[in-house]
Amino acid sequence: MLAHVGDLDPVAVVGDRWFTGLSDVTSDASALDGEGLWVVVVRFEGDALCARFDRVGTVPLGWPGWIGPAVDAWSSSLDRDAFCKGVVDIREAIAAGDVYEVNLCRVLSAPVSTGADIVGLGGVLRVGNPSPYGAIVRLPGVEVASASPELFLRREGALVESRPIKGTAPTGASFSAKDRAENVMIVDLVRNDLGRVCEYGSVEVPALCAVERHPGLDHLVSTVRGRLRGDVGWPEVLDAAFPPGSVTGAPKLAALDTIRKLEPMRRGPYCGAVGWVDADRRHGELNVAIRTFWLEDGRLHFGTGGAVTWDSTPDGEWAETELKASRLLAIASR
């Protein structure tokens with residue numbers, strides 16, 4: 001018999017799909033090339049959870065209640081001084097030629113009451129901060145509510161698409177040359193990632209640095225698209241593209257090494273991926289799990305960060321993490 005989350009049944013909400021009737025759980029991504037409807041959560045560190053559900057329906061109108069932590073109860077894995085020092089360290093690594101760009105993040109945490117239901121928080125986010133790739137997952141060992149604006153991977157048969165976000169500003173008119181440089185570097189990385197699993201010559205960039213409006217801020221968003229080779233399935237796609245380039249940096253392996261040195265707390269679901277896969281139809285959609293909360297060990301966590309390039313300043317990068325977090329923390333702290 002499959003476990004429950006406390007006294008609550010496993011459930012997931014991804015976009016407008018309501019998944020119930022959990023029938024299988026595995027860490028083997030090859031199951032996504034088999035059969036059935038799956039909800040997928042991949043932690044930033046690479047641990048995957050694939051959950052097959054028997055039923056999918058429309059999202060109901062009623063939601064559980066949510067009582068969040070006090071506004072002043074949040075602590076940060078990196079305080080301002082430590083975060084700003086990290087920015088300086090990354091700029092020194094760029095000057096030495098080790099990296100071009102590194103995404104530096106911090107995790108905010110606060111205690112929550114016993115029995116706090118992540119689905120309740122997800123309902124609050126759907127109203128207060130609607131997002132194109134939002135997701136709520138309540139499973140044994142994984143309780144996530146994401147208000148992500150970013151598409152990591154969309155697959156329709158052999159076609160695959162990614163829409164990396166790089167560049168954040170209060171309004172579209174205030175994007176800088178740094179924002180556009182961030183985006184172009186990551187687009188090049190994503191092109192290379194998809195090129196490892198796509199047919200030669202099929203990878204294209206139909207949109208570069210398009211401005212998208214989201215609650216409380218604007219983003220620069222690009223689109224990278226390609227056609228998968230015939231021998232490629234979900235495990236190969238994830239191996240090639242994960243973790244998402246927009247939350248790592250470039251070159252990716254060197255950026256990941258820098259992240260491990262500078263960030264004292266594992267990111268967990270934050271900056272990983274959450275989404276759904278219809279194995280029968282070979283369709284699926286995974287977000288980049290930014291703007292994401294998760295419950296663990298009686299605490300609510302939320303990640304915020306940004307890309308550091310040579311043109312970055314410590315104060316400017318700190319301010320960007322505050323901008324990204326402020327609206328969502330206010331919603332979750334109700």
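1. Two rings of Phe, Tyr or Trp (its six-membered ring) pair if their centres lie within 6.5 Å; planes under 30 degrees apart count as stacked, over 60 as edge-to-face and the rest as tilted. The count here is six aromatic pairs.

2. On the basis of the note: this is a predicted model, where local features need pLDDT of at least 70, side-chain atom pairs count only at pLDDT 80 or more, and totals for chains, interfaces and linings use all residues. Residues are numbered from 1 along each chain as its sequence is written, and side-chain values use heavy atoms, with hydrogens and water left out.

3. Trp18 and Trp63 pair edge-to-face, at 6.0 Å centre to centre and 75° between the planes. Trp18 is in strand β2 (residues 17–26), and Trp63 is in the loop between β4 (48–57) and β5 (75–76), 45 residues apart. Helices (H or I, at least four residues) and strands (E, at least two) are DSSP runs, numbered from the N terminus. Trp63 is partly exposed, at 28% relative accessibility. Buried means under 20% relative accessible area, exposed over 50%, partly exposed in between (1.4 Å probe, protein chains only).

4. Phe83 and Trp318 are edge-to-face because their planes are at 65°, with ring centres 5.7 Å apart. Phe83 lies in helix α1 (residues 80–95) and Trp318 in helix α6 (residues 314–332), so the pair ties together parts 235 residues apart in sequence. Phe83 is buried at 1% relative accessibility. Trp318 is buried too, with a relative accessible area of 10%.

5. One aromatic cluster is formed by Trp74, Phe293 and Phe302.
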